[in-house]
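Let's take a walk through a protein and its ligand together. Have a look at the sequence and the model first, and then read on.

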Amino acid sequence: MRDMYISSRVAGLKPSGIRKFFDIAATMKDVISLGIGEPDFDTPEPIVEAGVRSLRSGETHYTSNAGKLELRQALAEHLERLYGVSYDPSSEIIITVGGSEALYLSATALLNPGDEVIIPTPCFVSYQAEVILAGGVPVEIPCRMENNFDFDPKEIEAAITSRTKAILLGFPNNPTGAVASRESLLEVARMAEAHDLVVLSDEIYDRLVYDWKHVCFPSLPGMRNRTVLMGGFSKDYAMTGWRIGYAAGPADILKGLVRVHQYTVMSSPTVSQTAATEALRNAEPYVQQMLAEYNRRRKLIVKGLNEIGLPTFEPRGAFYAFPKVSVTGLDDETFANRLLQEEHVAVVPGNSFGLGGEGFVRCSYATAYDKIEIALERMRKFVNRL
Ligand SMILES: Cc1ncc(COP(=O)(O)O)c(C=O)c1O
């Protein structure tokens, strides 16, 4: 084995629990996957057409490091219109390779070795890893089902030390579907001000909320100038394969992100930038159609899981349900493994998402309605046998 060549920072990362399940599921026939964290919809037609036109017209070159100004302008207008928060497109927005790169840039540009980042969990699997790769220390605050998977601001406050540099929020949340309340977010704002912290707010599911209002963190009083807002096109516009996202923040912080981006990827895919501009300008009806379909599936899956006897919080955003499987007497890992082997349904064990995820599994409803019906039937059989 030549593991000794791998740096200790990388060797210390645990492999993503999601990948492991995909790999097993890929070897089996007839699997219904509720494991996937991406829309099952193809990218809406006008966006695809804009991409094709872009390539045909010779847009096959780099763009400026921060991205096409046209897209940054469209994003600035979009954020102003939706949330009333304003960014200067020339110095306060950067176009990235997915929301993933925005996370990487934020961690790399902001963290010194040993800096602590407070993260309410369960959360997207990359948060802790990005902090560790940048030399920082993730400090997890578990969110609980009894509290609608919102965080308890008192627990965040208790975790703040002289080494705390940032608070990393991911709402609407993957994997729980929680949407943080305005009151909790205002408490974070107060703490950020009192302790001079930066807030990293990953709002990639901002448009996918159901009968609920998403609060854009930098729109809270005083927060624009200490927040890096991260977002993307993968989820809201079904554009995962285009690899396109963004970060927005005050110019003095943004310039650090641009510097890292400059030396790592230079510029995001040009074709995707043109397609994303079209998405912002003309794809709203498609977003609403997809949202309506997710909502239909959300109702089906939440009702179905609760009827099976797996207590499930009604998600308010994103496209995941997060049933409590510990009530069956199995831990989440065993539950997911056996469900896959015995009934060919793939879900992701909650412990992959950090503290607070143990005892739950993530079921994505970015899967066709009739497939969810079959998956629920199989899960019912499985749970009844236990
Ligand atoms: C909460 C969250 N943030 C960021 C991402 C990254 O998405 P992308 O890099 O495709 O924009 C994901 C993807 O699953 C996610 O769930």
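The paragraphs below go from the ligand to its pocket, then to the cavities and the backbone.

A word on the ground rules: this is a predicted model, in which local features need pLDDT of at least 70, side-chain atom pairs count only at pLDDT 80 or more, and totals for chains, interfaces and linings use all residues. Residues are numbered from 1 along each chain as its sequence is written, and side-chain values use heavy atoms, with hydrogens and water left out.

Let's start with the ligand. Its shell, meaning residues with a heavy atom within 4 Å of it, consists of Gly98, Gly99, Ser100, Phe124, Tyr127, Asn174, Asp202, Ile204, Tyr205, Ser234, Lys235 and Arg243. By class, four of these shell residues are nonpolar, five polar and three charged (Ala, Val, Leu, Ile, Met, Phe, Trp, Tyr, Cys and Pro count as nonpolar, Asp, Glu, Lys and Arg as charged, and the others, Gly among them, as polar). Helix H5, residues 98-110, gives the largest share of the shell, three residues; helices (H or I, at least four residues) and strands (E, at least two) are DSSP runs, numbered from the N terminus.

Where does the ligand sit? It is in the largest pocket, in the sense that more than half of its atoms lie within 2 Å of the pocket's grid points. Pockets and cavities are found on a 1 Å grid over the protein atoms alone: a cavity is a set of points where a 1.4 Å probe fits but cannot get out, a pocket is an open set with protein on both sides within 12 Å along at least five of seven lines, and lining residues have an atom within 4 Å of a point. The largest pocket holds about 620 Å³ of space, a volume being the space filled by probe spheres set on the points, which are joined across faces, edges and corners. Its lining has 29 residues, of which Gly37, Ser100, Phe124, Asn174 and Lys235 are the closest to its centre. Helix H2 (17-26), H5 and helix H6 (126-133) each supply at least two lining residues, with H5 giving the largest share, four.

There are also four cavities of 30 Å³ or more. The largest cavity, at about 70 Å³, has a lining of seven nonpolar, two polar and one charged residues, including Leu169, Phe171 and His214.

Finally, the backbone. Most residues other than glycine have a negative phi, and most peptide bonds are trans. Here, Thr121 and Pro122 are joined by a cis peptide bond with omega of about 5°, and Pro122 is in the loop between strand E3 (116-121) and H6. The bond from Asn174 to Pro175 is also cis, with omega near 20°. Ala238, not a glycine, has a positive phi of about 55°.
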